[in-house]
Amino acid sequence: MVPNASEPSECRLPAMSVVIATPDRYETIRTTIRYLRAQTVREQIEIVIVAPSLEQLALQESELEGFHGFRVVEVGSIRSVGTANAAGIRRASAPVVALAEDHAYPDPDWAAALIETHRQPWAAVGPVLRNANPDSPISWADFLIAYAPWVDSTPAGVVAHLPGHNSSYKREILLGYGDELEAMLEAETVLQWDLRAKGYALYLQPAAKVSHTNFALPSSWMASQFHCGRMFAATRAEESHWSVLRRLFYAGAAPLIPLVRLSRVLPTLRRTRRHENLPRGVLPALCFGLVVDGVGQLLGYLAGAGDARQRMSDLEYHRDHHITRSDKDRQKLADASVLR
């Protein structure tokens, strides 16, 4: 951690710490920081930036004025999202930690809604999400595969899962995982399953909204589906200490994974069609993406994660490298209207 004058005082802790990682420079996360600056309770938020080094970060401290405080956590080369987020969580000051991404942009009331909901005993509270680049079928397929249970208009309530990389947790509960925290954060579905098994409850708060930018280029999207599927399966088997026989059983059932997941996504797709002018080809793209994910899961159960964590880390950052020109133009217009 790099000390600085804007760290929170010990006697007055922030209400929430927002952990956001960058594999290189501050410029990578600048847009998200600007959305965080627009929060109605900005003065209650601590910003925790995880970066390779303070020197490489080239921090713009003037853009962090008005927050409760900020700190930089130096971790060297970032090789996985879970490891980076775990480092930020351990150095955070607030009792609640929220995970943020360089390609996900919260509405101004996002932080206030999460903080207020965490006054209840929920272990984790998540937002609903919107598709920030809705012009292509691949973007919609990517969005629905990852976030169908939490699309905007989903009602509040206790849920089985919350959106990964975009939810908030009570920090003390996460710290209870000790050295396993990094692995659990690689696939937050596994973490959330474990929280529920321990008797904790997860809550979806639709008053907290996030616009999420999704993969739109075919090559990037196919790679992300494969590596994400492999990483999920490997983490699930490793953290649950599965036997070889159980791994083989799930690998054998892998061809059914696309069908099972499609049955869960289709109701959201139908509901979304009633409210959105979806482009042609969403359903075929959705089916193809689920097959690629299933192949990744098959390999993950049989052979472990391999280099999937590093590959996913490379894909997760700099989302602007994986979207179309029209997506970039749309984002500029959205930023201009929100961040005036």
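# Notebook: loops, rings and helix pairs

**Entry: histidine 165.** I started with histidine 165, which counts as buried at 17% relative accessibility. For me, buried means under 20% relative accessible area, exposed means over 50%, and partly exposed is in between, with a 1.4 Å probe and protein chains only. What I have here is a predicted model, where local features need pLDDT of at least 70 and side-chain atom pairs count only at pLDDT 80 or more, while totals for chains, interfaces and linings use all residues. Residues are numbered from 1 along each chain as its sequence is written, and side-chain values use heavy atoms, with hydrogens and water left out.

I found histidine 165 in the loop between strand 7 (157-159) and strand 8 (168-170). Then I checked the backbone: phi of histidine 165 is near 70 degrees, a positive value in a residue other than glycine.

**Entry: histidine 241.** Where does histidine 241 sit? I traced it to the loop between helix 9 and helix 10 (244-252). Its phi is positive too, at about 55 degrees, although histidine 241 is not a glycine. Histidine 241 is exposed, with a relative accessible area of 65%.

**Entry: aromatic rings.** I searched the whole structure for aromatic pairs and got 11. Rings of Phe, Tyr and Trp (its six-membered ring) pair if their centres lie within 6.5 Å; planes under 30 degrees apart count as stacked, over 60 as edge-to-face and the rest as tilted.

One of the pairs is tyrosine 35 with tyrosine 105, which is stacked at 4.9 Å centre to centre and 25 degrees between the planes. Tyrosine 35 belongs to helix 1 (residues 30-37) and tyrosine 105 to strand 5 (residues 104-106), so this pair ties together parts that are 70 residues apart in sequence.

I then looked at tryptophan 193 and phenylalanine 232, an edge-to-face pair at 5.8 Å centre to centre and 70 degrees between the planes. This pair links distant parts of the chain, 39 residues apart: tryptophan 193 in helix 8 (residues 188-197) and phenylalanine 232 in helix 9 (residues 218-239). Tryptophan 193 is partly exposed, with a relative accessible area of 29%, whereas phenylalanine 232 is buried at 16%. I also noted a cluster in which ring pairs link Trp140, Phe143, Tyr147 and Trp150.

**Entry: helix 8 on helix 9.** Axes are lines fitted to C-alpha atoms, for helices over the stretch in contact, and angles run from 0 to 180 degrees between N-to-C directions. Which residues make the contact? I listed Thr189, Val190 and Trp193 from helix 8, and Phe232, Thr235, Arg236 and Glu239 from helix 9. Contact means heavy atoms within 4.5 Å.

Valine 190, in helix 8, is buried at 5% relative accessibility. Leaving aside neighbours within four places in sequence, valine 190 touches Met184, Phe232, Thr235, Arg236 and Glu239.

**Entry: helix 11 on helix 12.** I looked up how helix 11 (residues 257-275) packs on helix 12 (residues 282-303): the angle is about 150 degrees, with the axes 10 Å apart. The two helices are therefore roughly antiparallel to each other; angles over 145 degrees count that way, under 35 as roughly parallel, 65 to 115 as roughly perpendicular and the rest as oblique. On the helix 11 side the contact includes Leu262, Val265, Leu266 and Leu269, and on the helix 12 side it includes Leu283, Leu286, Leu290 and Val291.

Entry: How many residues of helix 3 (residues 81-91) are buried? I counted 8 of the 11, so helix 3 is largely enclosed by the rest of the structure. Among them are Val81, Ala84, Ala86 and Ile89.

From alanine 86 I went across to aspartate 179: their C-alpha atoms are separated by 9.6 Å, although the two are 93 residues apart along the chain. Aspartate 179 is in the loop between helix 6 (171-175) and helix 7 (181-186). Aspartate 179 is exposed, with a relative accessible area of 77%.

Methods
Helices (H or I, at least four residues) and strands (E, at least two) are DSSP runs, numbered from the N terminus.
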